[in-house]
Amino acid sequence: MQKINVEEQLNILIKLQALDAQLYRLRKERTARPKLIEELETRRNEEQAAVKEIEEKIKANQLKRKQKEMDLQSKEESVKKLGAQLYQMKTNKEYQTMQHEIEGHKADNSLLEDEILAIMEEADSLNKELVREKELFSEAEKRLNEDRKKIEGEITVIDSEMADFESRRKELVAQVDNKILIQYEKVLANREGFALVAVKNHSCQGCFMNLPPQVINEIRMKDKIIVCESCARILYIENDADV
Ligand SMILES: [Zn+2]
């Protein structure tokens with residue numbers, strides 16, 4: 001079995017880790033981008049629903065007003081009719097009863113007129129609300145269309161950067177011992193893109209656990225791959241003065 005040159009392997013892993021850190025960051029951005037578009041779409045849809053809701057309220061308001069106006073019209077006709085009959089009454093009592101009835105209708109009509117006025121005021125404020133909400137909707141739509149284009153452009157850039165890093169990665173990976181690569185990639189997947197970390201101040205720079213002097217000596221010997229006992233990341237010494 002050929003002896004692995006640990007120093008050489010670590011040097012390749014350092015380059016590989018630098019690429020993988022970039023790839024990890026890019027992959028995260030790549031996943032986040034479509035979500036940004038989704039959020040903008042949700043906001044646009046919410047504003048659209050709000051516009052529709054006000055339009056429904058306006059429709060209901062118009063219907064209510066129409067009904068009240070029809071009520072008022074028929075009551076006014078009754079008042080006219082009764083008024084014409086008033087002078088055909090034969091007795092004083094009949095006359096008074098009829099007059100009483102007419103007064104009752106007139107009072108109803110006055111209430112109806114107040115109601116119609118209130119409905120018209122409500123229509124005014126609904127119309128104002130509609131104008132405001134339509135503005136918010138068109139802003140949200142404009143923002144969506146503009147940002148969608150921008151984000152899609154960013155995704156294209158990220159994809160091409162990732163493809164570039166992936167092809168450089170392939171070249172490096174080919175130079176790594178198979179067993180070490182398996183170990184490295186397993187940790188990479190489990191430890192948020194960092195499988196190889198330097199030792200500084202007697203501690204692992206991945207999990208910041210203190211490393212015993214014996215472990216640090218073993219790393220210095222470069223006889224085999226040494227991992228952090230606590231986080232399983234591969235350890236190396238970047239600068240002896242930092243250790
Ligand atoms: Zn660690």
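Author: Cys207 counts as partly exposed because its relative accessibility is 26%, where buried means under 20% relative accessible area, exposed over 50%, and partly exposed in between, with a 1.4 Å probe and protein chains only. Cys204, at 0% relative accessibility, counts as buried. This is a predicted model, in which local features need pLDDT of at least 70, side-chain atom pairs count only at pLDDT 80 or more, and totals for chains, interfaces and linings use all residues. Residues are numbered from 1 along each chain as its sequence is written, and side-chain values use heavy atoms, with hydrogens and water left out.

Both cysteines belong to the zinc site: the zinc ion is coordinated by the SG atoms of Cys204, Cys207, Cys228 and Cys231, at 2.2 to 2.3 Å. Donors here are N, O and S atoms within 2.8 Å of the metal (3.2 Å for Na, K and Ca); water is not among the atoms, so sites may look incomplete. Along the chain, the donors of the zinc ion follow the spacing C-x2-C-x20-C-x2-C. The arrangement is tetrahedral because the four donor atoms subtend angles of 103 to 115 degrees. Four donors count as tetrahedral if all angles lie between 85 and 135 degrees. The ideal angle for four tetrahedral donors is 109.5 degrees.

Next, the backbone. Most residues other than glycine have a negative phi. Phe208 has a positive phi, near 65 degrees, and is not a glycine. Phe208 lies in the loop between strand 2 and helix 4 (213-221), where helices (H or I, at least four residues) and strands (E, at least two) are DSSP runs, numbered from the N terminus. With a relative accessible area of 57%, Phe208 is exposed. Asn201 also has a positive phi, about 50 degrees, although it is not a glycine. Asn201 sits in the loop between strand 1 (196-200) and strand 2 (203-204). Asn201 is exposed too, with a relative accessible area of 61%.

Technical notes: Tetrahedral: all angles 85-135°; square planar, octahedral: opposite > 155°, others 65-115°.
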